[in-house]
Every structure is written in structure tokens, then in C-alpha cells.
2 protein chains.
Amino acid sequence: MMKKITIGIIGLGTVGTGVMRILRSNSKIIRERLGAALSVKKIADLDIKSDRGIRLPKGILTKDAQEIINDPSIDVVVELIGGCEPAKTLLMGAMAEGKHVVTANKALLASHGIELLKAAHHAQVDIGFEASVAGGIPIIKARREGFAANRIRFILGILNGTANYILSTMTNEGGNFSDILKEAQRQGYAESDPVLDIEGLDTAHKLAILISMAYGTTITAEDIYTEGISHIEPLDIEFARELGYKIKLLAIAREIGSQIEARVHPTLIPHEHLLSKVDGTYNAIFLDGDAVGPSMFYGKGAGMMPSGGAVISDIIDIARNILTGTSNRVPFFSHQPEYLRKIIIKNIKEIETRYYLRFSVDDRPGVLSKLSGILGKHNISIHSVIQKGRRNKGGVSIFLLTHESREAALRKALDHIDHLSLTRAKTMVIRIEDQI
Amino acid sequence: MMKKITIGIIGLGTVGTGVMRILRSNSKIIRERLGAALSVKKIADLDIKSDRGIRLPKGILTKDAQEIINDPSIDVVVELIGGCEPAKTLLMGAMAEGKHVVTANKALLASHGIELLKAAHHAQVDIGFEASVAGGIPIIKARREGFAANRIRFILGILNGTANYILSTMTNEGGNFSDILKEAQRQGYAESDPVLDIEGLDTAHKLAILISMAYGTTITAEDIYTEGISHIEPLDIEFARELGYKIKLLAIAREIGSQIEARVHPTLIPHEHLLSKVDGTYNAIFLDGDAVGPSMFYGKGAGMMPSGGAVISDIIDIARNILTGTSNRVPFFSHQPEYLRKIIIKNIKEIETRYYLRFSVDDRPGVLSKLSGILGKHNISIHSVIQKGRRNKGGVSIFLLTHESREAALRKALDHIDHLSLTRAKTMVIRIEDQI
């Protein structure tokens with residue numbers, strides 16, 4: 001008789017519905033690959049009435065997640081409700097009952113990963129979280145297993161589909177941020193409360209998970225310097241293009257000596273770079289390993305089916321462990337728990353990079369000389385400068401690219417410049433990545 | 001005391017040297033991730049004298065591969081000599097001795113995969129072969145595990161670095177095939193005997209492995225229609241560019257009803273497609289899964305360090321199985337052996353696709369009407385045609401793109417056209433992929 005792995009799902013939203021759809025449409029192929037059947041016994045959701053467009057066996061739905069945790073026949077509990085509580089309590093409870101768990105909950109992993117890890121270790125169960133970062137892209141598996149022999153030199157990620165959709169649309173079709181955001185909300189590409197996406201916090205959660213895995217540590221999103229994209233203007237998109245760049249919201253991690261750079265912000269990247277071609281709601285992770293060299297993974301970052309498929313790949317991985325009688329085969333944060341270490345995140349003021357600056361200043365003689373004088377005094381060396389007489393808020397915009405400079409020095413220079421009487425608005429600063 | 005996994009390596013060429021280098025430079029990080037040390041006890045190579053730029057422990061080298069197979073303390077045997085024999089006999093012998101094996105040998109896997117699979121199953125040992133397809137890209141792991149819940153709709157691969165280097169150079173810098181091949185040989189990007197690479201056979205080996213894994217079957221390279229790139233002329237590169245395409249040597253697999261298309265040939269792909277940006281010796285696999293949608297993996301396809309890293313990722317995977325007391329956790333060809341099936345490969349004459357045609361014909365009135373008349377008679381419908389009066393071998397070139405047509409019909413039409421007295425050279429045919 002075909003063996004069976006029994007599953008309980010907590011949360012029947014978009015991803016949960018995707019899981020049920022794929023388990024139905026691809027059950028035969030999954031059985032043939034795994035050598036066992038995946039069988040969902042119970043689904044807990046507070047809403048047991050809505051039609052989600054899928055047929056569910058009678059009686060499978062319950063409002064009480066505890067029913068799943070207490071059911072001794074359930075092998076794997078899948079948590080898809082998101083947010084820290086009650087998700088954390090439910091996962092802890094499931095593990096305490098000896099159940100393996102799968103979650104797509106990046107906020108929880110980024111904040112409480114170490115507690116989950118300890119609980120899993122204690123209970124000798126597995127935690128799958130492939131869907132938490134870049135939904136359809138198997139980056140967790142690629143990083144922890146495929147690149148297990150590599151020291152990771154840097155990671156550049158486009159990890160939020162909403163932000164990438166808005167920036168790509170601004171770039172490819174024109175328009176300003178708020179109009180495109182509204183249209184994205186109307187089309188379902190952005191949440192009604194988009195702040196986590198557009199202010200970079202969702203990206204920071206995912207970067208925290210990637211860094212923890214890449215460097216055998218446990219950092220949280222709070223350790224990551226984070227800027228969003230809501231202040232980017234069409235002027236910046238347009239000028240970046242003229243200079244041969246595109247603007248993307250990037251998650252950046254880089255090993256610099258004994259420290260790690262960890263930051264999320266809009267970034268100018270060269271137009272010909274592969275990451276520049278990642279448009280719409282797609283995600284990509286570009287990374288450089290010391291053995292493998294530059295590599296990129298591209299795919300859907302979220303959505304019913306891509307994330308649903310990632311959740312099932314985790315279930316299959318765990319099922320393979322169950323069927324062969326093992327667990328904790330691959331360590332949670334890539335390193336064995338006893339080798340997890342504290343890393344020093346480089347203070348944003350200490351990073352050195354190139355900058356795009358847009359000054360909004362009075363349209364009168366001597367302005368450029370004044371600006372460059374102040375930059376020079378702070379050791380900010382100018383790569384190129386263009387003043388096109390574009391009118392902006394009654395003045396002109398001056399666009400300037402710097403050579404590699406120290407952020408602390410740049411901030412001091414801009415603090416000075418932004419308080420000049422000739423300055424009409426705060427200077428726009430966008431960091432550049434072009435050594436990639 | 002730290003646990004130890006003992007390794008024997010057969011073949012100390014480029015990849016073997018890479019394995020030794022990485023094991024030396026990254027031994028600490030590998031130990032921290034795996035929770036055990038990887039220790040190479042013996043290396044067999046017929047050449048035990050050459051300096052490979054690495055320091056080897058005294059006495060580790062032997063000319064006799066059998067020493068490795070007979071050593072009861074060796075857990076994993078790594079075969080890196082390539083070719084079918086003696087590689088196959090050595091791998092079979094190692095498995096018969098209960099040793100797990102790792103190989104990068106695509107020719108062997110593509111021709112004798114099923115025998116290796118049976119031997120591994122019988123001996124209850126694992127076979128790792130991540131390095132056999134697209135060296136640095138963990139596509140085997142991504143496909144078998146990351147996309148385990150997906151039915152694969154199509155795969156498009158740039159799988160040979162030499163061919164891609166030549167085509168990219170023709171495209172980006174100009175020049176003809178044979179000059180660039182010579183330069184590539186001088187620079188070490190092409191072998192002194194390049195036929196496997198430029199005639200598509202190496203790509204066909206890799207596609208056979210990808211198809212076997214994607215569809216739970218065992219096909220060989222002989223089942224795959226294969227064309228190389230040596231006949232591509234600068235004229236074609238240039239004209240493709242004008243039409244918005246690049247020419248790449250693609251490995252193509254596609255599920256069409258109950259049949260599978262499997263072919264390797266130069267292909268026009270749209271200039272804006274991500275695969276068009278894969279230049280130089282890089283490889284990429286673009287695939288479409290029914291849950292995940294379009295995805296792409298990009299990275300180095302070969303070389304000392306990328307392939308060496310892939311071999312070590314396989315060793316680590318096997319070591320994890322050894323440490324947790326399991327084997328055969330993930331089935332060799334993605335499906336459990338009892339569910340492997342025969343698939344029907346679509347005959348190349350039955351495929352339907354769009355074509356780029358370049359006719360070399362006399363420069364006289366009525367030629368185009370003659371050509372289009374013959375195409376029309378065979379139901380080949382013309383999308384666009386350009387006659388620029390370019391002189392080619394004393395006549396003119398006429399470039400033509402067809403709508404979707406049946407290959408058999410096209411061949412009949414061209415057979416007719418190529419025998420006309422106005423035709424000066426065989427018509428150049430390049431298939432187009434633009435529904436991607």
C-alpha cells in the first residue's frame with residue numbers, strides 16, 4: 001500500500017489555496033516522485049464560509065487551529081497565517097507535539113528565527129521555509145545545499161514584487177509613484193496597506209533570512225539599514241536612464257573583511273546588468289560565491305501558485321526525511337547550531353559606495369561651484385555633473401555622480417548643502433552598485 | 001571528536017584540482033555547515049608528476065584507481081575522468097563495494113544512466129551528478145527538489161559555454177565563426193577538438209539528463225535532434241539583430257500533449273528576453289513549471305572552481321545522508337524507479353515553430369515571387385520578408401520569417417527551392433522561439 005504523509009494547514013488564504021490546488025492537480029506526479037501520497041486531513045481558518053474556488057472534502061475545515069496541533073495522526077503542520085502571533089505560538093505548539101512544520105512567514109523568521117530553531121532542535125523536527133523568501137525561487141535550497149561549498153561574497157536581491165512592479169512601471173511606462181501605486185492596488189499587485197512593501201521592510205525581513213543563512217548567524221530586520229522607494233521621482237528614473245542605469249529596490253549583503261554590509265534601499269544599477277532586466281512583480285537574487293562566481297536566480301516572488309509550490313517542495317523534503325527516518329539533515333541557518341556566530345553589521349555611515357545626487361537649487365550663477373566646493377571639502381570626489389536647466393519646484397535640478405565616497409562624509413556635506421539658502425529642497429541621494 | 005567523511009578522487013584534471021582547492025580554502029566553513037570534516041584519502045591519476053599548482057599530502061596520489069575502490073575506509077568515490085570507459089567500470093565497481101559515488105560525467109549519464117541507477121539502487125548507495133549539467137548552477141537540485149511539486153512545461157537551456165562564447169562574440173564584437181573559434185582555443189575557452197561543443201552533442205547530453213529528470217524517464221542523447229553552430233554566418237547574426245533577435249545554441253524540451261519535444265539547435269530568441277543577456281561562457285536554464293511559472297537560473301557552466309564547488313555540494317549531500325543514516329532519499333531521475341516511464345519524443349519533422357530563412361539566390365526579377373509561390377504551395381505562410389540586395393556569393397540574400405509552420409512541410413519546400421537553378425547555395429534555416 002502507498003505510504004501516506006498526513007498534513008494539517010493553518011490559514012487558507014492565497015498561498016493555502018495554492019497548496020490545495022497543486023496537491024489536487026499534481027497529486028499523481030508528486031506521488032511518483034516522492035513514493036508516498038500527501039494527504040491534507042485538516043485545514044484551520046477563521047473564515048470557513050468563503051468560496052475560494054476550490055472543492056474541499058466535507059468536514060476538512062475547522063476554526064480551531066488547536067485541533068490540528070492535537071491530532072496525533074498529522075505529521076506536518078503548515079502555517080500560512082503570517083504575522084508573529086498567533087503564528088509563533090501555533091508553530092511552537094506543533095513542534096512540541098513532535099510535528100514537523102512548514103511556514104512562509106518571513107516576519108516571524110526574521111524576528112524569532114533563533115527560537116524556532118531551538119524548538120525544532122529540541123523536538124528533533126524539521127522546519128521548512130522555502131516560501132518565505134522569493135516565493136517561487138528555491139533560493140533557500142540553492143544557498144544551503146547547492147552552494148554549501150561556497151563562501152558568499154555578496155548578495156543583491158530584488159525581493160519585493162510590489163516595489164519592483166512600481167519601479168519597473170515608472171521606468172518602462174512613465175508616471176509618478178503615487179498614481180502607479182494606486183493602479184497597482186486596483187489590479188491587486190499592491191496591498192491596501194502597502195507600507196511594508198514600499199518602505200522596504202518586507203525586503204529587510206527577507207534579507208535578514210538570507211544573511212543568517214549565508215553567514216551562519218541570526219540577524220533580524222532591525223539590524224538592517226532600510227530605505228523605501230516612495231520618494232523616488234520620475235526625474236530620477238529618467239536621469240538614471242540617461243546615465244545608463246535603472247533604479248531598483250535592492251537588498252544588499254556583502255562581506256567586507258570581518259564585517260557584513262546589510263542594507264535595503266533604492267539603487268542605481270547598470271542598464272546592461274541582468275538584474276536590470278528583472279521587471280514587474282518578478283524577483284531575482286544575484287549572488288557571488290567564491291567557488292561558483294556570479295550566479296542569478298529569477299522567478300515569481302509571490303502568488304498563489306509559485307508560493308504554494310514552494311510550500312509543497314518543503315513538505316516533500318520533510319516527507320523524504322520521514323520516509324527515510326531522519327530529521328535535521330540540513331541545518332536551519334545553514335551552519336550547525338554550535339557554529340552560529342555573531343556578526344558585526346557595518347554601520348551605514350561607514351560604507352563606501354558611489355552616489356547619485358540630485359540637488360534642487362536656485363537657478364543662479366555660482367551655484368555649482370558652491371556645491372562642488374562643499375563636496376570637495378568633505379572629500380567627496382565628483383565623477384560627473386550635469387546641469388540641464390530642468391525646472392524643478394521653481395529652481396533647477398543639478399545631477400551629480402560621485403566617485404566612491406564614505407557615507408559619513410557625504411552626510412556631513414549634504415547636511416551643509418541642505419541648509420544653504422540657495423537650496424530649495426532636500427537633496428535626493430541614491431546609492432549606486434556598479435562593481436557587479 | 002569531529003566526524004569525518006573519507007573521499008577518494010579518480011581523475012585530477014581541472015575539476016579535480018578545483019575540488020582540492022576548495023576543500024583546502026573552505027574546509028572550516030564546510031565543517032561548520034556539515035558538522036563533519038571532508039577528508040580526501042587517495043587520488044588516482046595516470047599522471048602523478050605534473051604540478052597542478054596545489055600542494056598535496058605526500059603519498060596521496062596513485063596511478064591505480066582500484067586502490068580507491070578497494071579501500072574499505074573510503075565512503076565516497078568521486079569520478080572525474082570523463083568518457084564512458086573506464087569511468088563506468090570504476091563507478092560500478094565502487095558501488096558494488098558499497099561506496100557512494102559522485103560524477104560530473106554527462107556523456108556517461110546520458111548514455112548509461114539507467115544502469116548506474118540500477119546499480120546504485122541495488123547497492124543502496126547514492127549517486128551525485130550536480131556538476132554534469134551547467135557546472136556551477138544547482139539545476140539538478142532545483143529541479144528534483146525545489147520544483148518537486150511542478151509539472152515542467154518547457155525547458156530552454158544555454159548549456160555549452162564554448163558555443164555560447166563563440167555566438168556572443170560574433171554578436172557583440174563581430175567576426176566569423178572559424179576565426180573566433182581559433183581565438184577561443186588560444187584563450188582556453190574551447191578544446192583543441194571542439195566538435196562535441198560546437199556541434200551540439202555536449203548540449204544534447206545535458207538535455208538528455210534534464211529531460212530524464214523533468215519527465216521521469218531515461219532518454220539518451222541519440223533521441224535528441226541535434227544541430228551545431230558552425231554553419232552560422234555573420235550575416236545571420238546581423239540580420240537577426242535587425243529583426244530584434246539574438247542567435248543562441250538552445251537545448252529545448254517541451255511537453256506537447258503526450259509527447260515531448262527534444263531538440264538542440266541554433267535558435268533566434270527575442271533580444272529583450274533574459275536568455276539573450278546570457279553572454280560569454282555563462283550558462284542558463286529558463287524553465288516554466290505549472291505552479292512556479294517562468295524561472296531562470298544563471299551562472300558559470302564549467303571551470304575548475306564552479307564545477308569543483310558543485311562536486312563538493314554533492315559530497316556534502318551524500319555526507320548528510322551518511323551522517324543521518326539514510327540513502328536514496330531523492331530518486332535519481334526525479335521519479336521513483338517503479339514510476340519511470342517511456343516517453344515519446346516528437347519527431348523533428350512533426351514540430352511546429354517559426355523559422356528564419358536566408359535564401360542565396362540570383363539577383364534577377366521574379367525570384368521572390370518564385371520563392372513565395374513554392375512556400376505557399378507547402379502551406380508555409382510568410383510573416384515578413386526583406387531583400388536588401390546584399391551580395392552573397394555573387395547573388396543576393398533574401399531574409400524571410402515564417403509564421404508557425406510544420407517542419408516536414410518546410411523541408412519539402414526547401415528541398416524544392418534548393419534545387420532551383422536560381423538558387424546559389426543551400427538555404428539557411430534557423431528556428432525561432434518567441435512564445436517565451
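Okay, let's start at the axis: of the residues of chain A, Phe297(A) comes closest to the rotation axis, with its C-alpha at 2.4 Å. Before I go on, this is a predicted model, where local features need pLDDT of at least 70, side-chain atom pairs count only at pLDDT 80 or more, and totals for chains, interfaces and linings use all residues. Residues are numbered from 1 along each chain as its sequence is written, while chains are lettered from A and ligands numbered from 1 in the order in which they are written.

So, that axis. Chain A can be laid on chain B by a turn of 180° and a shift of 0.0 Å along the axis, with an RMSD of 0.0 Å. The two copies are thus related as by a two-fold rotation axis. The same surface serves both of them, in that 100% of the contact residues of chain A recur in chain B. For the record, copies are superposed by least squares on the C-alpha atoms of residues with pLDDT of at least 70 in both, and two residues are in contact if their C-beta atoms, placed from the backbone, lie within 7 Å.

Now the contact. It takes 52 residues from chain A and 52 residues from chain B. Which elements of chain A supply at least two residues each to the side that touches chain B? Those are α2 (27-34), α6 (139-146), β12 (293-300) and α12 (304-324). The largest share, 10 residues, comes from α12(A). By type, that side of chain A divides into 23 nonpolar, 19 polar and 10 charged. Here Ala, Val, Leu, Ile, Met, Phe, Trp, Tyr, Cys and Pro count as nonpolar, Asp, Glu, Lys and Arg as charged, and the others, Gly among them, as polar. When I say helix or strand, I mean DSSP runs numbered from the N terminus: H or I over at least four residues for helices, E over at least two for strands.

There's strand pairing across the two chains as well. β12(A) and β12(B), residues 293-300 of chain B, run antiparallel and are joined by 3 bridges. Met296(A), for instance, has Tyr298(B) as its bridge partner. Two strands pair if DSSP finds at least two bridges between them.

On to a sheet in chain B. This one is open, with 6 strands in the order β3-β2-β1-β4-β5-β6 and parallel pairing. At the edges sit β3 (61-62) and β6 (127-128), each pairing on one side only. Looking inside, β4 (residues 76-79) and β5 (residues 100-103) of chain B pair in the parallel sense over 4 bridges, and Val78(B) has Val102(B) as its bridge partner in β5(B). Then α12 (residues 304-324) of chain B lies across β1 (3-10), β2 (36-44), β4, β5 and β6 of that chain, running at about 165° to β5(B). Axes are lines fitted to C-alpha atoms, for helices over the stretch in contact, and angles run from 0 to 180 degrees between N-to-C directions.

Keep Val78 in mind for the core. Which members of the largest nonpolar core, 286 residues, touch the most other members? They are Val78(A), Leu207(A), Ile315(A), Val78(B), Leu207(B) and Ile315(B). A nonpolar core is a set of buried Ala, Val, Leu, Ile, Met, Phe, Trp, Tyr and Cys residues joined through C-beta atoms within 7 Å. Leaving aside neighbours within four places in sequence, Val78(A) is in contact with residues including Ile7(A), Val102(A) and Ile315(A).

Next, α11 (residues 234-242) of chain A. The buried residues of this helix are Asp236(A), Ile237(A), Phe239(A) and Ala240(A). Buried is 20 or more other C-beta atoms within 10 Å of a residue's own, exposed is 12 or fewer, and partly exposed is in between, with C-beta atoms placed from the backbone. Those buried residues pack against elements of chain A including α7 (161-172), β9 (245-256) and β10 (259-270). Just after α11(A), Gly244(A) takes a positive phi of about 90°.

Most residues other than glycine have a negative phi, and most peptide bonds are trans. Still, the bond from Glu85(A) to Pro86(A) is cis, with omega near 5°, and Pro86(A) is found in the loop between β4 (76-79) and α4 (87-96) of chain A. In chain B, the bond from Glu85(B) to Pro86(B) is cis too, with omega near 5°.

Asn379(A), not a glycine, has a positive phi of about 65°. It lies in the loop between α13 (367-377) and β15 (382-392) of chain A, and is partly exposed, with 13 other C-beta atoms within 10 Å.
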